[in-house]
Amino acid sequence: MKQQKVFAIVAGLLCLLAVSAAAAGDAGDPLISLSYLTGIFSDSVDRQVEEKLDQSDAQILQGGTVQAGSSTAAFWTESRLKAQDVLLGTTGTSVMLLAGNAQLSFPAGAVVDVTTGTAVSSGASLIPNHRYLVAEDTSALFMVTSKTAVVDYQGNYSFSYSDAVDYNAMAGALKTLNLFKGSYTGYGQGYDLEVAPTRLQALIMFIRVLGEEEQALAWSGSQPFTDIAPGTQSEKYVGYAYEKGYTNGYSATTFRPSQAISANQYVEFMLRALGYSSADNKVVSDALERAMNCSLLTPGEVSILQTTSFLRADLVYVSYYALDAQLSGDTRTLRDTLLQRGVFTAAQSQTAADMVTSQRK
């Protein structure tokens with residue numbers, strides 16, 4: 001049957017790890033060489049496994065021998081995951097971590113880091129962009145240990161999902177509401193939730209939650225910052241925000257668009273969007289506490305933001321829940337005002353709300 005044939009192929013090829021002294025090493029250095037493992041060996045596994053998968057697709061679809069509850073990815077497939085989500089791989093499964101952090105565990109057998117040509121110990125952390133291959137008679141668990149992660153996988157697999165905060169769903173929800181567009185990164189839907197947000201990205205998000213992106217993109221004028229290229233879209237956002245008094249820049253002549261922004265600095269932006277602060281406020285070190293006092297953040301969220309690195313995942317989280325915070329001196333929420341301004345529709349609002357099922361901290 002298909003799975004047995006695939007396992008047999010992979011098992012046979014993996015045996016080269018133990019007997020390849022003549023083929024890839026010599027008596028003085030009996031270990032298999034990295035070039036052999038990542039070249040002839042890896043190519044042979046890919047080619048022969050894919051040939052058998054192609055020959056037996058119909059049989060797999062009719063039941064085949066795939067383990068109950070598992071699926072088969074004949075080609076590299078990408079998924080966004082959250083903390084404590086687990087991917088289970090069996091013999092022949094390949095896994096690559098594209099972003100975030102993950103840990104490998106298996107009770108018996110072996111997993112090979114094909115990129116370096118070495119066996120990997122159970123409990124090891126995955127190295128981004130390294131290809132891991134599950135060996136014969138092995139079931140391996142790849143668990144996400146960061147807030148979010150992006151993984152590529154090929155072969156037999158199944159997922160076990162945790163009830164952790166789903167930052168990925170919040171990013172999708174904000175995208176549905178036209179408030180989040182991601183980047184040009186070619187994986188993970190361009191969300192880049194695993195990296196620190198920049199001052200420019202935070203400013204753009206701030207303008208969007210104000211419902212003023214169209215006005216910003218229509219802006220034309222002058223701005224004082226020498227590190228913002230004239231004629232660019234970035235200049236439109238920065239120039240508009242400066243003209244409206246939303247930001248004073250980093251200094252009188254610099255904005256530092258690529259500099260990472262802190263949790264306090266971004267939450268200050270959200271407080272301004274809600275009317276609880278303004279650019280006149282020069283002290284942002286207490287922004288988290290002020291956000292808790294006006295119910296923008298919960299005590300649990302403040303604790304997390306104070307003790308972990310501020311990532312784009314956190315920017316998404318704060319922005320998403322800011323939508324349902326009440327405006328200063330008003331009974332309406334930020335979501336209400338964006339609906340009234342036509343930034344998104346009621347149907348889009350409901351669709352976005354249905355996407356996020358995890359609970360607040």
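## Surroundings of Glu213

In this predicted model, Glu213 touches Asn178, Lys181, Ile207, Arg208 and Tyr237, leaving aside residues up to four places away in sequence. Glu213 belongs to helix α8, which spans residues 213–217. With a relative accessibility of 11%, Glu213 counts as buried, because the limit for that class is under 20%.

Two of these neighbours are also polar partners of the Glu213 side chain. The side chain of Arg208 is joined to that of Glu213 by a polar contact of 3.0 Å. A polar contact of 2.5 Å links the side chains of Glu213 and Tyr237.

## Packing of helices α7 and α9

Arg208 and Tyr237 also take part in the contact between helices α7 and α9. On the α7 side, the contact involves Leu200, Leu203, Ile204, Ile207 and Arg208; on the α9 side, Ser234, Tyr237, Val238, Tyr240 and Ala241. By class, the residues of this contact are eight nonpolar, one polar and one charged.

Helix α7 covers residues 199–209 and helix α9 covers residues 233–244; their axes come within 10 Å and cross at roughly 65°. The crossing of α7 and α9 is left-handed.

Gly89 is part of strand β2, residues 86–89. At 0% relative accessibility, Gly89 counts as buried.

Beyond residues up to four places away in sequence, Gly89 touches Val134, Thr138, Ser139, Ala140 and Asn156. The C-alpha atoms of Gly89 and Leu133 are 9.0 Å apart in space, with a sequence separation of 44 residues.

Terms used: Residues are numbered from 1 along each chain as its sequence is written. This is a predicted model: local features need pLDDT of at least 70, side-chain atom pairs count only at pLDDT 80 or more; totals for chains, interfaces and linings use all residues. Side-chain values use heavy atoms; hydrogens and water are left out. Axes are lines fitted to C-alpha atoms, for helices over the stretch in contact, and angles run from 0 to 180 degrees between N-to-C directions. Helices (H or I, at least four residues) and strands (E, at least two) are DSSP runs, numbered from the N terminus. A crossing is left-handed if the near helix is turned anticlockwise from the far one by less than a right angle, and right-handed if clockwise. Contact means heavy atoms within 4.5 Å. Ala, Val, Leu, Ile, Met, Phe, Trp, Tyr, Cys and Pro count as nonpolar, Asp, Glu, Lys and Arg as charged, and the others, Gly among them, as polar. Buried means under 20% relative accessible area, exposed over 50%, partly exposed in between (1.4 Å probe, protein chains only). A polar contact is a pair of N or O atoms within 3.5 Å; within protein, one must be able to donate a hydrogen and the other to accept it, and residues adjacent in sequence count only if both atoms are side-chain atoms.
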